[in-house]
Amino acid sequence: MTLISCSDNGADKDGNGVVDSEERAAEMDYDAFVPMKAGLWETKFVFSDINVPSLGKAQKQQIMDEIAKGASNRSCLSEAEAKKPGADFFGGDGAEKCLYKAFDVSGQNVRMKLSCGMDGMGSIDMQLAGVMGDTAFNYESEVDVRLPMIGKVKMKGNAIGKHIGDCPAP
């Protein structure tokens, strides 16, 4: 009996553990990405849980709010970008500087794993998985933040994006 083994590294075609911008673009082409609506999009991160036993409720909420504020953004998608948005569009503000460890798209289902530096605030590892449509997306988020003087902080929540109108005139 002969066994044949197949390995699917998802978008990481060269198997180096990093999904670069070309591999992310190829994944979106390969897996029949559903086009998004052109225009102004708003992405917000909303955290529902944080694991820092040494902090009080108000301090925990302050950290969740600060991380959410830093990751939330507005961005404009042209007609061409809406048909094939950059993979960095989904990770929030500054995601183009992140190291992607997984990026899988299958129709409306998206799964990402990325690591990012936060300007002077430490670093963050995110796993996002969820569903997107032409005018909205909602990903469950698991976030590990490494903060100076506090250490590793685990958070759970959602990344929520929605189309909010036309892009402002240049």
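Modeller: Lys154 is partly exposed, at 42% relative accessible area. The scale here is simple: buried is under 20% relative accessible area, exposed is over 50%, and partly exposed lies in between, with a 1.4 Å probe and protein chains only. This is a predicted model, in which local features need pLDDT of at least 70, side-chain atom pairs count only at pLDDT 80 or more, and totals for chains, interfaces and linings use all residues. Residues are numbered from 1 along each chain as its sequence is written, and side-chain values use heavy atoms, with hydrogens and water left out.

What does Lys154 meet in a salt bridge? The partner is Asp144, at 3.4 Å from N to O. A salt bridge here is a side-chain nitrogen of Lys or Arg within 4 Å of a carboxyl oxygen of Asp or Glu. Asp144 lies in strand 6 and Lys154 in strand 7 (residues 151–165), so the pair ties together parts that are ten residues apart in sequence. Helices (H or I, at least four residues) and strands (E, at least two) are DSSP runs, numbered from the N terminus.

Asp144 itself is buried, at 17% relative accessible area. Asp144 also forms a salt bridge with Lys152, where the closest N and O atoms are 3.8 Å apart.

Both Asp144 and Lys154 turn up again at a pocket. The second largest pocket holds about 230 Å³ of space. Among its 15 lining residues, the closest to the centre are Gln127, Glu142, Val143, Asp144 and Lys154. The terms need spelling out. On a 1 Å grid over the protein atoms alone, a pocket is an open set of points where a 1.4 Å probe fits, with protein on both sides within 12 Å along at least five of seven lines; lining residues have an atom within 4 Å of a point. Grid points are joined across faces, edges and corners, and the volume is the space filled by probe spheres set on the points. Which strands supply at least two residues each to this lining? They are strand 1 (39–51), strand 4, strand 5, strand 6 and strand 7.

Take strand 5 next. Met126 is found there. At 5% relative accessibility, Met126 is buried. From Met126 to Glu142 is 5.7 Å, C-alpha to C-alpha, although 16 residues separate them in sequence.

Asp125 forms a salt bridge with Arg146, with the closest N and O atoms 2.9 Å apart. Arg146 lies in strand 6 (residues 136–147) and Asp125 in strand 5 (residues 122–132), so this pair links parts that are 21 residues apart in sequence. Both ends are partly exposed: Arg146 has 35% relative accessibility, and Asp125 has 22%.

Asp125 is also the bridge partner of Ser115. Strand 4 and strand 5 run antiparallel and are joined by ten bridges. Two strands pair if DSSP finds at least two bridges between them. The hairpin of strand 4 and strand 5 has three residues between the strands, and Gly120 takes a positive phi near 70° there.

Strand 4 has another partner. Seven bridges join it to strand 3, again antiparallel, with strand 3 at residues 99–106 and strand 4 at 109–118. Tyr100 stands opposite Leu114, and Val105 opposite Val110. The hairpin of strand 3 and strand 4 has two residues between them, and Gly107 in the turn has a positive phi of about 65°.

Strand 1 contains Thr43. Thr43 is buried, at 0% relative accessible area. Beyond its neighbours within four places in sequence, Thr43 is in contact (heavy atoms within 4.5 Å) with Ser72, Asn73, Phe137, Ile160 and Gly161.

Now the whole chain. There are six salt bridges by the rule above. The chain has three helices and seven strands, in the order α-β-α-β-α-β-β-β-β-β. Of its 170 residues, 42% are buried. Among contacts between residues at least 6 apart in sequence, 56% join residues at least 24 apart. The accessible surface is about 9900 Å², and 51% of that belongs to carbon and sulfur atoms. Areas come from the Shrake-Rupley method with a 1.4 Å probe; for residues, only the protein chains shown count as cover.
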